[in-house]
Amino acid sequence: MRIARNLLLIVLIVLVLPYLLVPLYRGGHPVSTLMAWRYLAGAPMSRQWIDLGAMSSSLPRSVVASEDAKFCSHHGIDWDALREVMDDAEDGEVTRGGSTITQQVAKNLFLWQSRSVVRKALEFPLALWIDWVLPKPRILEIYLNIAELGPSGQFGAQSGAIYAFGHGASAL
């Protein structure tokens with residue numbers, strides 16, 4: 001009985017912890033779960049945080065245009081895009097994902113990478129919470145600093161730009 005109670009307590013802490021951490025991410029340089037796993041496993045990992053204002057203005061605009069065109073108007077989840085993905089899946093035409101930038105931030109900061117219904121079920125309310133608690137520019141800044149943007153553990157726009165183009169994100 002005691003083991004079951006302790007296990008339940010651990011599960012509750014793991015489920016609640018992200019909701020407690022999100023307000024703290026108004027500042028600082030959060031680390032993704034994938035970055036943490038790579039570091040703990042001794043795998044190569046590089047990230048150089050760059051503030052949104054220090055990036056080329058073309059970069060965030062390009063990312064929003066390509067990843068989540070309704071980023072500025074939805075509240076964490078693009079229900080229309082999700083409906084389209086589900087309709088495509090019913091027709092056997094799954095060609096793209098329906099995740100918003102905010103959902104990707106939720107996944108990258110707190111969840112795991114593989115696709116599953118459980119992960120999506122945890123991701124949805126977390127994305128809504130992130131969108132409610134953090135301003136859009138901060139969500140985008142976090143995304144652009146935690147997304148894996150290189151084949152050898154390059155995380156964020158700065159490390160990805162240096163790897164791919166030989167210069168920083170301010171020059172893109």
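At 36% relative accessibility, K70 counts as partly exposed, a label given to residues that fall between buried (under 20% relative accessible area) and exposed (over 50%), with a 1.4 Å probe and protein chains only. The model is a predicted one, in which local features need pLDDT of at least 70 and side-chain atom pairs count only at pLDDT 80 or more, while totals for chains, interfaces and linings use all residues. Residues are numbered from 1 along each chain as its sequence is written, and side-chain values use heavy atoms, with hydrogens and water left out.

K70 forms a salt bridge with D80, and the closest N and O atoms of the two are 3.3 Å apart. The pair ties together parts that are ten residues apart in sequence, because D80 lies in helix α4 whereas K70 lies in the loop between α3 (58-67) and α4. A salt bridge is here a side-chain nitrogen of Lys or Arg within 4 Å of a carboxyl oxygen of Asp or Glu. D80 is, with 37% relative accessibility, partly exposed.

One is formed with R119, where the closest N and O atoms are 3.1 Å apart. E123 and R119 are four residues apart in helix α6 (residues 117-133), so about one helical turn separates them. In the other, the side chain of E123 meets that of K120 at 3.0 Å, N to O. K120 and E123 are three residues apart in helix α6, again about one turn of the helix. How covered are these residues? E123 is buried, with a relative accessible area of 1%, and R119 is likewise buried, at 5% relative accessibility. K120, in turn, is partly exposed at 27%.

The protein has eight helices and two strands. These elements are DSSP runs numbered from the N terminus, where a helix is H or I with at least four residues and a strand is E with at least two. Read from the N terminus on, they follow the order α-α-β-α-α-α-α-α-β-α. The C-alpha trace spans about 60 × 40 × 30 Å along its principal axes. For 172 residues, a compact globule would have a radius of gyration near 16 Å, and the 17 Å of the protein agrees with this. That radius is taken over C-alpha atoms, and the globule rule is 2.2 Å times the number of residues to the power 0.38.

Of the 172 residues in the protein, 41% are buried. Helix α7 (residues 136-146) is mostly covered, with ten of its eleven residues buried. Among these buried residues of α7 are I139, L140, I142 and L144, and also the charged side chains of K136, R138 and E141.

The surface shows patches of two kinds. Patches are made of residues with over 30% relative accessible area and no salt bridge, with like charges joined within 9 Å and nonpolar side chains (Val, Leu, Ile, Met, Phe, Trp, Tyr) within 5 Å. Accessible areas come from the Shrake-Rupley method with a 1.4 Å probe, and for residues only the protein chains shown count as cover. A nonpolar patch of about 700 Å² is made by L7, L9, V11, I13, L15, V16, L17 and L20. V11, one of its members, lies in helix α1 (residues 2-21) and is partly exposed at 40% relative accessibility. A negative patch is formed by D87, E90, D91 and E93. For charges, Lys and Arg count as positive and Asp and Glu as negative, while His and the chain ends are not counted; the place of a charge is NZ of Lys, CZ of Arg, CG of Asp or CD of Glu. D87 lies in helix α4 (residues 79-90), and its relative accessible area of 38% makes D87 partly exposed.

Finally, the segment after α8 (156-165) includes H167, which is partly exposed with a relative accessible area of 33%. H167 and E84 are 83 residues apart in sequence and 37 Å apart in space, C-alpha to C-alpha. G166 lies in the segment after α8 too and is exposed, at 60%. From G166 to I130 the separation is 36 residues in sequence and 33 Å in space, C-alpha to C-alpha.
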